[in-house]
Amino acid sequence: MHLTAQVRYDADVARVGALLADEAFVQAKVRATGALSHQVDVVGRSGEAFTVTTRRQMPTDAVPAQFRSLLGAGLEVRQVEAWEAPEPDGRHGTVVVEITGVPVRLSGTTRLLANDDGTTTQLYDGELRASIPLFGGAVEEATARAIRSAIDAEERTAAAWLAPQQG
């Protein structure tokens with residue numbers, strides 16, 4: 001299944017790159033997805049290439065009822081975003097999302113693009129595969145919904161972090 005999504009940030013590409021490489025922000029966005037527990041590792045800095053790896057334990061309440069008994073109380077989701085150094089036209093990277101113990105994987109690209117109004121758009125473009133006989137399509141649909149929900153949580157978290165401080 002082909003999956004695309006986008007996030008809009010009220011900041012320029014350099015500031016968004018710094019945000020995405022900020023361990024405190026990454027922890028906040030992971031918590032915003034409803035993670036029961038999590039681990040975050042950021043290697044590198046925003047002015048150069050950097051990699052963000054997260055592991056999160058997620059509840060199975062978003063999983064269709066017919067599959068929950070196969071998964072137990074939670075899912076471990078591992079996500080790796082590897083960002084290249086900044087370029088004049090923005091930033092490019094790769095993203096991989098895997099669910100431990102389940103043959104489901106998203107692999108694709110992500111880009112930060114500068115908009116004329118000073119904002120930034122992040123584009124995700126990838127392929128989601130669930131190698132489960134008979135139920136692969138249903139699992140891919142459920143996983144796609146969960147990934148889009150996580151991206152929405154990231155966008156809300158980023159908006160709060162980038163908003164001007166009041167008071």
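Predicted model: local features only at pLDDT ≥ 70, side-chain atom pairs only at ≥ 80, totals over all residues.
Student: Where do helix H2 and helix H4 lie relative to each other, and at what angle do they cross?

Tutor: Start with the distance between the axes and the angle of crossing. The axes of H2 (residues 23-32) and H4 (residues 136-162) come within 8 Å and cross at roughly 135°. That makes H2 oblique to H4, since angles over 145 degrees would count as roughly antiparallel and 65 to 115 as roughly perpendicular. The crossing of H2 past H4 is right-handed.

Student: Which residues of H2 and H4 meet?

Tutor: On the H2 side they are Ala24, Phe25, Ala28, Lys29 and Ala32; on the H4 side, Ala153, Glu154, Thr157, Ala158 and Trp161. Sorted by class, this contact of H2 with H4 has 7 nonpolar, 1 polar and 2 charged residues.

Student: How is an aromatic pair described?

Tutor: Two values describe a pair of aromatic rings: the distance of the centres and the angle of the planes. The structure holds 2 aromatic pairs. One of them is formed by Phe25 and Trp161, with 5.6 Å centre to centre and 80° between the planes, an edge-to-face arrangement. Phe25 is in helix H2 and Trp161 in helix H4, 136 residues apart, so this pair links distant parts of the chain.

Student: At what angle do helix H1 and H4 pack?

Tutor: H1 (residues 13-20) packs with H4 at an angle of about 115°, with the axes 12 Å apart. That makes H1 roughly perpendicular to H4. H1 also passes H4 in a right-handed crossing. Arg15, Leu19 and Leu20 in H1 meet Glu154, Ala158, Trp161 and Leu162 in H4. The class division here is 5 nonpolar, no polar and 2 charged. Trp161 is named in the H1 contact and in the H2 contact.

Student: Turning to the strands, how many bridges join E1 to E7, and in which sense do they run?

Tutor: Look for the bridges and the direction of the strands. E1 (residues 2-9) and E7 (residues 120-130) run antiparallel and are joined by 8 bridges. As an example, Val7 has Gln122 in E7 as its bridge partner.

Student: In which sense do E6 and E7 pair?

Tutor: E6 (residues 104-114) pairs with E7 in the antiparallel sense over 11 bridges. Val104 has Ala130 in E7 as its bridge partner. In general, side chains in a regular strand alternate between the two faces of the sheet.

Student: What is found between the strands of the E6 and E7 hairpin?

Tutor: There are 5 residues between them, and in this hairpin Gly118 takes a positive phi near 90°.

Notes: Residues numbered from 1 in each chain as written. Heavy atoms only, no water. Axes fitted to C-alpha atoms, helices over the stretch in contact; angles between N-to-C directions. Helix = DSSP H or I, 4+ residues; strand = E, 2+ residues; numbered from the N terminus. Parallel < 35°, antiparallel > 145°, perpendicular 65-115°, else oblique. Left-handed = near helix turned anticlockwise from the far one by under 90°. Contact = heavy atoms within 4.5 Å. Nonpolar A, V, L, I, M, F, W, Y, C, P; charged D, E, K, R; others polar. Pairing = 2+ DSSP bridges. Phe/Tyr/Trp six-rings, centres within 6.5 Å; stacked < 30°, edge-to-face > 60°.
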